[in-house]
Amino acid sequence: MFNVENIRKDFPILSRKVNGKPLVYFDNAATSQTPKQVIDVIVDYYSNYNANIHRGVHALSQEATDKYEEARKKIQTHFNAKFAHEIIFTSGTTHGINLVANGFSTILKKGDDIIVSALEHHSNIVPWQMLCERSGATLKVIPMNLEGELVMGEYDKLLSKNTKLVFVNHISNALGTINPIEYIIEKAHEVGAAVLVDGAQACPHLKPDVQALDVDFYVASAHKMCGPTGEGMLYGKESWLNKLPPYQGGGEMIAEVTFEKTTYAELPHKFEAGTPNICGGIAFGAAIDYMNAIGFDEIAKYESELLEYATKKLLDIEDLKIYGTSKHKTSVISFNLEGIHPYDVGAILDKLGIAVRTGHHCAQPIMDYFKIPGTVRASFAFYNTKTEIDTLVEGVKKAKMMLA
Ligand SMILES: *Cc1c(COP(=O)(O)O)cnc(C)c1O
């Protein structure tokens with residue numbers, strides 16, 4: 001049974017105070033908090049079996065290697081990848097995207113198109129612009145509408161035999177919109193294009209099945225799903241990962257090195273040069289265990305209750321506008337008070353112990369579309385409560401009184 005009060009006891013940070021007030025943490029879309037089950041795994045690693053992996057014959061190295069590879073299998077099972085070697089450990093979503101973009105620079109040529117969406121995070125725009133500069137390919141953008149949804153009719157028109165790669169986030173970090181990636185993938189495959197989905201914002205809320213989606217690449221960050229920072233994963237279909245060249249050279253990623261020629265290691269090591277974040281990978285596995293023990297169906301159900309409750313309460317405040325009103329969205333609310341800068345609202349909320357994000361949320365094109373400098377963004381996780389939402393609503397009312 002889902003019991004939020006019991007769940008909250010797993011998160012030590014949730015009982016601290018900020019500015020003398022109990023912390024209300026509503027910045028989950030930027031990073032999630034860490035339960036003691038994951039913290040314990042990190043402490044255990046450094047206390048008991050810290051060692052470099054894959055090359056040692058000694059016991060600690062073997063133990064660390066086993067745990068690290070066990071974590072890869074957990075991630076494989078969670079995302080339903082066909083093979084464990086289709087899971088590449090990365091330092092996060094940004095790293096995964098850059099790895100794929102770099103690989104495609106040897107495949108793309110002038111006259112090819114890359115399609116991205118208007119709802120992208122900067123980390124999903126810049127690597128493609130760099131790739132276009134290097135390869136001579138053209139970047140095309142799927143436009144959005146006032147609800148904050150991608151316009152699929154326009155996407156259909158952008159697709160052609162020149163389309164080589166389509167790039168879209170599963171869920172928008174700025175607005176919370178859940179994008180129709182099933183449709184996007186199917187249509188891209190009809191013209192022979194590959195699809196990379198940025199799942200950073202989706203994985204805290206749902207459990208993607210990469211085989212059912214038939215997606216070519218899928219990336220995520222551990223720190224948005226109860227795991228540590230600086231850790232993440234890239235899923236790639238085996239055939240694609242074999243086709244792409246390595247991203248970085250170094251230890252771990254080679255089969256044989258001479259000064260004449262180096263041959264690369266098999267997957268996944270080909271893409272894992274150097275000593276990885278060993279503890280981070282193991283803790284990522286523990287975070288996935290933790291979330292699965294609660295259950296993604298339970299999480300989704302509870303978070304949609306929070307979203308509905310908060311949306312209704314906030315809209316009761318006069319002159320408050322919510323950006324991103326799709327029926328298909330997760331527990332993210334981006335809003336502004338008319339005539340008041342989002343930063344000022346955020347600063348007052350902080351004084352009250354409420355952590356929200358203000359600004360463009362690494363998604364400036366979306367802000368340009370709405371002709372606003374930014375928004376206040378409150379993003380909820382399964383460990384938040386309706387009482388905390390009441391505190392937010394009172395805080396926003398107070399900010400409005402002080403600033404209007
Ligand atoms: C957070 C986020 C990223 C970047 O993730 P990092 O962990 O900083 O690499 C990319 N895309 C989306 C949609 C995000 O929410």
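This is a predicted model: local features need pLDDT of at least 70, side-chain atom pairs count only at pLDDT 80 or more; totals for chains, interfaces and linings use all residues.
Local features need pLDDT of at least 70, side-chain atom pairs count only at pLDDT 80 or more, and totals for chains, interfaces and linings use all residues. Residues are numbered from 1 along each chain as its sequence is written, and side-chain values use heavy atoms, with hydrogens and water left out.

**Exercise 1.** Find the two domains in the chain, and state how far apart their C-alpha centres lie.

*Solution.* Start with the bounds, which come from an automatic or database domain assignment. Domain 1 covers 4–30 + 295–403, and domain 2 covers 39–293. Next, take the C-alpha centres of the two domains: they lie 28 Å apart.

**Exercise 2.** Describe the area that domain 1 and domain 2 bury between them.

*Solution.* First, the term: buried area is the accessible area (1.4 Å probe) that two parts lose on being put together, summed over both. The two domains bury about 2,700 Å², with 60% of it on carbon and sulfur atoms. Then look at domain 1, where Phe296, Ile366 and Tyr369 lose the most area to domain 2, together 25% of what that side buries.

**Exercise 3.** Which polar contacts and salt bridges are counted between the domains, and which elements of domain 1 take part in the interface?

*Solution.* Count the polar contacts (N or O atoms within 3.5 Å; within protein, one able to donate a hydrogen and the other to accept it, and residues adjacent in sequence counting only if both atoms are side-chain atoms). There are 15 such residue pairs between the domains, both residues at pLDDT 80 or more.

**Exercise 4.** Which side-chain atoms of Thr94, Gln201 and Lys224 lie by the ligand's oxygen atoms, and at what distances?

*Solution.* Take the residues in turn. A polar side-chain atom of Thr94 is 2.6 Å from a ligand oxygen. For Gln201, a polar side-chain atom is 2.5 Å from a ligand oxygen. For Lys224, a side-chain N or O atom is 2.7 Å from a ligand oxygen.
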